[in-house]
Amino acid sequence: MEDSSDDASCLSPQGNGNVAGFELLLQKQLKGKQMQKEMSEFIRERIKIEEEYAKNLAKLSQNSLAAQEEGSLGEAWAQVKKSLADEAEVHLKFSAKLHSEVEKPLMNFRENFKKDMKKCDHHIADLRKQLASRYAAVEKARKALTERQRDLEMKTQQLEIKLSNKTEEDIKKARRKSTQAGDDLMRCVDLYNQAQSKWFEEMVTTTLELERLEVERVEMIRQHLCQYTQLRHETDMFNQSTVEPVDQLLRKVDPAKDRELWVREHKTGNIRPVDMEI
């Protein structure tokens, strides 16, 4: 039975010992799924902020304040307001892409993951129970063998010293029972070792799979956060493009020309004051 302790670092011979390594890996996976969900919720809040910001920008662009400004400055001012509407559109597109390219993939990745992990946990637990049952059978068979051997030894001694009228047939019967108990013990040990081998193989396979899933999860989140930063860079670029027309018109603002056009339009200065004559 020395073989039963080879994997003592993972499980005691009784099948109910230290399995902290597997449990920790399993809990890490479930925690990872929760973190992933919370990241998705965080992006959802970011989307709401973008949508609200876009709504306010669009509303402000329709404001009539300073709408009567004239000339080249009036054109520049009108472009300032239009740029807000253009910027609102940029932020709406950004929020839509955040939803489809970041939030939704994070939320849907391994949608049934928790359910799958429970199946995995139950499978390992069943193997653990089977191993514990096999160990109990070994201990029971070991106890039975000890009792049969003790009975055989006692009957043999009694026959030798003539303290009993036990016959040779009784001795043979006791010997057969002892031999049968030994065979039963060997069978139980064999079944236990088979169960432990299966449990160990499943543990190794499952542990490696959990580690692979964790690497995959981290890589998936990294890729989608990279997509988030890429969308942010694009949004900044598009926002910059909305103010370029404003810059162009501001460079063309000409107070002298505006004054000249205003005078021409309103015909001020056509009639000049003259000195009064008596």
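The residues lining the largest pocket divide into three nonpolar, one polar and four charged. The model is predicted, so that local features need pLDDT of at least 70 and side-chain atom pairs count only at pLDDT 80 or more, whereas totals for chains, interfaces and linings use all residues. Residues are numbered from 1 along each chain as its sequence is written, and side-chain values use heavy atoms, with hydrogens and water left out.

The lining of this pocket (an open set of points on a 1 Å grid over the protein atoms alone, where a 1.4 Å probe fits, with protein on both sides within 12 Å along at least five of seven lines; lining residues have an atom within 4 Å of a point) consists of Leu30, Lys33, Gln34, Lys37, Met107, Glu111, Phe113 and Lys114.

Glu103, placed in helix H2 (residues 71–108), is buried, with a relative accessible area of 10% (buried means under 20%, with a 1.4 Å probe and protein chains only). The side chain of Glu103 makes a polar contact with that of His99 (2.7 Å), a polar contact being a pair of N or O atoms within 3.5 Å, one able to donate a hydrogen and the other to accept it, where residues adjacent in sequence count only if both atoms are side-chain atoms. Leaving aside neighbours within four places in sequence, Glu103 is in contact (heavy atoms within 4.5 Å) with Ser40, Ile43, Arg44, Ile47 and Leu98.

Notes: Helix = DSSP H or I, 4+ residues; strand = E, 2+ residues; numbered from the N terminus. Buried < 20%, exposed > 50% of the residue type's maximum accessible area, 1.4 Å probe, protein only. Nonpolar A, V, L, I, M, F, W, Y, C, P; charged D, E, K, R; others polar.
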